[in-house]
Amino acid sequence: GSLYETLTSNDAHPKLALRLSEVFAWQIDFFRIQPGDSFRIIYEQRKVDGKKVAPGKIIAACFNHQDQRYLGFRFDDGNGAQYFDRDGQSLRRELLKAPLRYSRISSGFSHSRLHPVLDRRRPHHGTDYAAPTGTPVQSVGGGTVVKAGHYGPNGNYIKIRHNETYSTGYLHLSDFADGIHRGAEVTQGETIGYVGNTGRSTGPHLDYRLWKHGTAVDPYAIELPPSRPVSPQHRDAYRKIVQDRLDRLFPLRTFPRRMAQGPDPRP
């Protein structure tokens, strides 16, 4: 039924769902996981007086999603711990896949959609996420707020410029988070506002927009560039870590003791 239900039915702490979604936030849209998807996790289990409490860090993870395999390994190469793939490339991307942690897509990117209010076909260059009023909305990347206010049909609206290439928009918000105003600097994953029903809207949802070089694009149809890889001086140490984690994730499978070339093998 869901990642949360799968974990709790296997006597795992529900916060592992959040931890896992953070590891693969740039690769997997967890609103679109399917029956048959599967995962393996090595994580820090914590106890107080013999009772399990919230888990610590995820050490390594594998997630099979829609016939693709994603591997993540936690490693600190001196620049702060983050997650890398088997080849030492960062799992972090410039932009998150989605601006909400838990919701559902109610309407996708389209060049011709029947507008629910105007009752005529027109482009919908955004992705609608149905969610309760007040659900936190996070910035998909670091950047500068260039708009924050009420803009007619858009309702309460925030636009963020991330770099020379990408900008994002967040429409129909009920309210803005503290400190969000034109010129404010935001970080990736920071709460910037809350789902609402302002402007030309038929119910609580977030209309999320992505622009590349000023042109609206479908966030699910483009591949975003990765962040920094493991630093060269730590590559040998990372290879050893990866091999150890693979042996523990898949104890019945032997993997070549080298960095992968091409797609990962399927156990």
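Predicted model: local features only at pLDDT ≥ 70, side-chain atom pairs only at ≥ 80, totals over all residues.
Biologist: Why is Asp 207 called buried?

Modeller: Its relative accessible area is 3%. Buried means under 20%. The value for Asp 207 falls under that cut-off, so Asp 207 is buried.

Biologist: Where is Asp 207 in the fold?

Modeller: Asp 207 is in strand S18, residues 205-212.

Biologist: What makes the link between the side chains of Asp 207 and Arg 209 a polar contact?

Modeller: The two side chains are 2.8 Å apart at this contact. A polar contact needs N or O atoms within 3.5 Å, one able to donate a hydrogen and the other to accept it. The distance of 2.8 Å is within that limit, so the pair of Asp 207 and Arg 209 counts as a polar contact.

Biologist: Why is S18 described as largely enclosed?

Modeller: Seven of its eight residues are buried, so the rest of the structure largely encloses S18.

Biologist: How do you know that S10 and S18 pair?

Modeller: Two strands pair if there are at least two bridges between them. Strand S10, residues 127-130, has four bridges with S18, so the two count as paired. Their sense is antiparallel.

Biologist: What joins S14 to S18?

Modeller: Six bridges do, and the pairing is antiparallel. Strand S14 covers residues 166-173. Tyr 166 stands opposite Lys 212 in S18.

Biologist: What makes S18 and S19 a pair?

Modeller: They have two bridges, and at least two are needed, so S18 and S19 pair. Strand S19 is residues 215-216, and the sense is antiparallel. Lys 212 faces Thr 215 in S19. The two strands form a hairpin with two residues between them. In the turn, His 213 has a positive phi of about 55°.

Biologist: Which strands make up the open sheet that contains S4?

Modeller: Four strands, in the order S1-S4-S5-S6, with antiparallel pairing.

Biologist: Why are S1 and S6 called edge strands?

Modeller: Each pairs on one side only. S1 spans residues 38-43. From one strand to the next, the twist averages 15°.

Biologist: How do you know that S4 pairs with S1?

Modeller: Six bridges join S1 to S4, residues 58-65. At least two are needed, so S1 and S4 pair. They run antiparallel. Ile 41 has Ala 61 of S4 as its bridge partner. Tyr 43 stands opposite Ile 58 in S4.

Biologist: What joins S4 to S5?

Modeller: Six bridges, again in the antiparallel sense. S5 is residues 68-75. Asn 64 stands opposite Arg 69 in S5. S4 and S5 form a hairpin with two residues between the strands, where Gln 66 takes a positive phi near 50°.

Biologist: What makes S4 mostly covered?

Modeller: Eight of its eight residues are buried.

Biologist: What lines the second largest pocket?

Modeller: Its lining has 28 residues. Ser 21, Glu 22, Ala 25, Trp 26 and Leu 96 lie nearest the centre. Helix H2 (15-23) and strand S6 (82-84) are the elements that give two or more residues. H2 gives the most, with four. The space in this pocket is about 550 Å³.

Biologist: How many lining residues of that pocket are nonpolar, polar and charged?

Modeller: The lining divides into 14 nonpolar, six polar and eight charged residues. Glu counts as charged and Trp as nonpolar.

How values were computed. Residues numbered from 1 in each chain as written. Heavy atoms only, no water. 1 Å grid on protein atoms, 1.4 Å probe; cavity = no way out; pocket = protein on both sides within 12 Å on 5 of 7 lines; lining within 4 Å. Points joined across faces, edges and corners; volume = space filled by probe spheres on them. Buried < 20%, exposed > 50% of the residue type's maximum accessible area, 1.4 Å probe, protein only. Axes fitted to C-alpha atoms, helices over the stretch in contact; angles between N-to-C directions.
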